[in-house]
Amino acid sequence: MELIHAISQDGIRYCGDYGADDDIGLSEGQKRVLESIGAIKVIGWYGYGSYEGSGEALIVFNDGTLSLENLGHCSCYGPWDNVEDIKGRPAEVVRKSVTDNPEYWEQIGHFFDHVDTKVEY
């Protein structure tokens, strides 16, 4: 599974105050689980403090579906709760959920630059 660290301007500000995680907040076990449910790519960023973190991730599955995950949290559980329950949705639905919000698109629209062009929007 490919990990692509694609930080946004909000992420740069957040990680400048705290720290950045090149694994996008994923443990080795969580990576294995994502791979077992068909994830082929995770695009995003994650920054962490002592008991808090912030980030966004776009997961690309081998069937062309996508999942958009908000990695913000304020507890010791971390950004990726219940990884095994993540489900892909049609790419065009996920993309529209982002493009319908111009501020959100400005922050994470560049994630879609890393999605294989075979995936239809």
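## Aromatic and cation–ring contacts

Aromatic pairing in this predicted model comes to one pair. Rings of Phe, Tyr and Trp pair if their centres lie within 6.5 Å.

A charge also meets a ring. The charged end of Arg-95 sits over the ring of Phe-112. The distance to the ring centre is 5.6 Å.

Strand 4 covers residues 53–61, and strand 5 covers residues 66–70. The two run antiparallel and are joined by five bridges. Within this pairing, Ala-57 stands opposite Glu-69 of strand 5.

Four residues lie between the strands of the hairpin. Gly-64 has a positive phi there, near 90°.

## Ser-67 in strand 5

Strand 5 also holds Ser-67. Is Ser-67 buried or exposed? Its relative accessible area is 6%, so Ser-67 is buried; the cut-off for buried is under 20%.

The side chain of Ser-67 makes a polar contact with the side chain of Glu-69, at 2.5 Å. Glu-69 is also the residue that stands opposite Ala-57.

## Helix 3 and its buried side

Helix 3 spans residues 91–99. Which residues of helix 3 are buried? They are Ala-91, Val-94 and Val-98. These residues lie on the same side of helix 3, because they cover an arc of only 75° around the axis.

What do the buried residues of helix 3 pack against? Their partners are strand 4, strand 5 and helix 4, which spans 102–108.

## Gly-25 in a loop

Gly-25 lies in the loop between strand 2 (19–20) and helix 2 (28–36). Its relative accessibility is 15%, so Gly-25 counts as buried. The cut-off here is again under 20%.

Which residues does Gly-25 touch, not counting those up to four places away in sequence? They are Gln-30, Tyr-46, Pro-79 and Trp-80. Tyr-48 is 23 residues from Gly-25 along the chain. The C-alpha atoms of Gly-25 and Tyr-48 are separated by 8.5 Å.

Methods. Residues are numbered from 1 along each chain as its sequence is written. This is a predicted model: local features need pLDDT of at least 70, side-chain atom pairs count only at pLDDT 80 or more; totals for chains, interfaces and linings use all residues. Side-chain values use heavy atoms; hydrogens and water are left out. Two strands pair if DSSP finds at least two bridges between them. Buried means under 20% relative accessible area, exposed over 50%, partly exposed in between (1.4 Å probe, protein chains only). The arc is that of the directions from the helix axis to the C-beta atoms. Contact means heavy atoms within 4.5 Å. Rings of Phe, Tyr and Trp (its six-membered ring) pair if their centres lie within 6.5 Å; planes under 30 degrees apart count as stacked, over 60 as edge-to-face and the rest as tilted. A charge sits over a ring if NZ of Lys or CZ of Arg is within 6 Å of the ring centre and within 35 degrees of the ring normal. A polar contact is a pair of N or O atoms within 3.5 Å; within protein, one must be able to donate a hydrogen and the other to accept it, and residues adjacent in sequence count only if both atoms are side-chain atoms.
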